[in-house]
Amino acid sequence: MKKFLSLENIEKRFPIPGKEDYIAVTDVNLEIKKNEIIAIIGHSGCGKSTLLNMISGLDRQTQGDIILNGKEIKGPGPDRAVVFQNHSLLPWLSVYDNIGMAVKKVMPELNRQELRERVEKFISMVNLDPAKDKLPGEISGGMKQRVGIARALSIKPDVLLMDEPFGALDSLTRANLQEHLMRIQQNVQNTVIIITHDVDEAVLLSDRVIMMTNGPEATIGEVLEVNLERPRNRVELQQDPEYIRCREAILAFLYEKFAKEDE
Amino acid sequence: MNNELVKKIVLPLLVFIAILGVWSEIANMVEDFPTPSDTYVAAFGGVNADGDKIEGVLEDPFYVKNEDDKGIFWQITASLERVFAGFALAILVGVPFGLLLGMSKNAQYAFDPFIQIFKPISPLAWLPLLLYIFQDINMTAIATIFITSIWPIIINTALGVRSVSEDYMNVAKVLRFNPLEKVIQIILPVAVPYIFTGMRLSLGIAWLVIVAAEMLTGGIGIGFWIWDEYNNLNYPNIIIGIIIVGLVGFILDLVMGKIADFFDYRKKGRA
């Protein structure tokens, strides 16, 4: 089978004037299957965001190749949609127009009717129909992040990249958004890479959890398969032996093998 | 009645009375200095302190006796026309230039020192040079306004461009916006409120400049009119002119502020 997305020997160094280069991540090898959901977890400073930025093309690795669908990634593009932590909605555009702007750019072949239908379909997907004419400043943080997800999915990306998408939200809102994401994923299959520092989130959402060692020179420490049936129910999972096993494995990795003191 | 509202009316009234008091005191001390009532008569007509009947400046602001003798309304519009001509030119040149400066670090390095040097030059310093170049009163006044009011537009536009968040640019990169799309869809919406702030400052400067410029160039205009009244020993009219300049400037700023708010996305949709 042809590889879908592969990272080969990725290294990222940042030159520091007058000193030795800072090596953020090194020797990262990873293969991701189509429609797989990957969570990347690690302490802050482990280079997980750097890794995501290199896949999105917003940042460039100093060594190694990232190959998507047989093509090397050389820069950002709509085939890899990003959901940013701070939602990055344009504050002067309504919810509808934020999504419409993206769809119009990526699918110029759509006529007005098709464009409207597509935008409205994705607004409905995240249950935001009543808010479609509101400006980002008028809706809650959780709603903004839902718009961000809808915008990312509306351009039909090959990979959905999420950089701590729910990190800035309170835990109830976060749980709500995780449910949204799982429900959407149930209906529309996507390849998703999600960066998180939340152990429960990683296990709940993903098929595989990639655990990063601490930086500098961070790399993949362990890879954990999450063998849980979908749809997953967060309440029932609390008793599930597989869920507990995964959770414990990640906790052991993060807090025993690679514990990190606050600096 | 609303207590706050009462204060907003009563307190300025008290200050107004205080100003009239100080003014009367100055009129007492300086020989021939017009008193508030002299000025009132000169503005709205009536009988002056010497018992002569006077026609007020504001009684017939629209009169045209001949090319060199026109009512106060025509003086103001002549000044406003020049202000808006120079101001429009400053916007036409300043906004694109500011965009360039904001987007290109190299352009900023290249031009910034000169902007810093040209910016503080008084309009009156430019005037002789421009008069020599154009040999024409109107052109000189417009060019003076252009060259002194363009700087806030350039500086604020560039500032607006630089304040575009990296996040928005990342969105543009992911969607592969071309440079023109970046400017129209991302940079301009962010920069427009800044541009309007620059335009508001610039219009204020333009209005300051026109009065001074017209005093030197002569012809027609509110600045010239004030100077002319000085030469005619019509001292009350000087004060009327000053008050008019203040009021017109205030109105210009008010209108510009309203327009700026209209285009500022931050002032909209805030629940």
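**Entry 1: helix 2 of chain A with helix 3.** I began with the way these helices cross, and I noted that helix 2 of chain A passes helix 3 of chain A in a right-handed crossing. A crossing is called left-handed if the near helix is turned anticlockwise from the far one by less than a right angle, and right-handed if clockwise. Before going on, I wrote down that this is a predicted model, in which local features need pLDDT of at least 70 and side-chain atom pairs count only at pLDDT 80 or more, while totals for chains, interfaces and linings use all residues. Residues are numbered from 1 along each chain as its sequence is written, and chains are lettered from A and ligands numbered from 1 in the order in which they are written. Helices (H or I, at least four residues) and strands (E, at least two) are DSSP runs, numbered from the N terminus.

Two packed helices are described by the angle between their axes and the distance between the axes. I therefore looked up both values: the axes of helix 2 (residues 95–106) and helix 3 (residues 112–125) of chain A come within 9 Å and cross at roughly 125 degrees, which makes the two helices oblique to each other. The axes are lines fitted to C-alpha atoms, for helices over the stretch in contact, and the angles run from 0 to 180 degrees between N-to-C directions. Angles under 35 degrees count as roughly parallel, over 145 as roughly antiparallel, 65 to 115 as roughly perpendicular, and the rest as oblique.

On the side of helix 2, the contact is made by A:V95, A:Y96, A:I99, A:G100, A:V103 and A:K104, and on the side of helix 3 by A:L115, A:R118, A:V119, A:F122 and A:I123. Two residues are in contact if their C-beta atoms, placed from the backbone, lie within 7 Å. I sorted the residues of this contact by class and found eight nonpolar, one polar and two charged. Here Ala, Val, Leu, Ile, Met, Phe, Trp, Tyr, Cys and Pro count as nonpolar, Asp, Glu, Lys and Arg as charged, and the others, Gly among them, as polar.

**Entry 2: helix 2 of chain A with helix 4.** The axes of helix 2 and helix 4 (residues 141–154) of chain A come within 9 Å and cross at roughly 20 degrees, so I recorded these helices as roughly parallel to each other. The crossing is right-handed. Helix 2 brings A:V95, A:N98, A:I99, A:A102 and A:V103 to this contact, and helix 4 brings A:V147, A:A150, A:R151 and A:S154. By class, I have six nonpolar, two polar and one charged residues here.

**Entry 3: where the chains touch.** I found 20 residues of chain A in contact with 15 residues of chain B. The elements that give two or more residues to the chain A side are strand 6 (80–83) and helix 2 of chain A, and helix 2 gives the most, with four residues. This side of chain A has 13 nonpolar, five polar and two charged residues.

**Entry 4: the overall form of each chain.** In chain A I have eight helices and ten strands. The radius of gyration of chain A is 19 Å, close to the 18 Å that the globule rule gives for 263 residues, so chain A is as compact as a globular protein of that length. That radius is taken over C-alpha atoms, and the rule is 2.2 Å times the number of residues to the power 0.38. Chain B holds ten helices and four strands; its radius of gyration is 23 Å, whereas a compact globule of 271 residues would have one near 18 Å. Along the principal axes, the C-alpha atoms of chain B fill a box of roughly 80 × 60 × 35 Å.

**Entry 5: a buried residue in chain B.** I then picked B:L101, which lies in helix 3 (residues 72–103) of chain B. B:L101 is buried, with 25 other C-beta atoms within 10 Å. A residue is buried if 20 or more other C-beta atoms lie within 10 Å of its own, exposed if 12 or fewer, and partly exposed in between, with C-beta atoms placed from the backbone. Leaving out residues up to four places away in sequence, B:L101 touches B:A107, B:Q108, B:F111, B:I154 and B:A158. I also noted that B:L101 and B:V161 are 60 residues apart in sequence and 8.5 Å apart in space, C-alpha to C-alpha.
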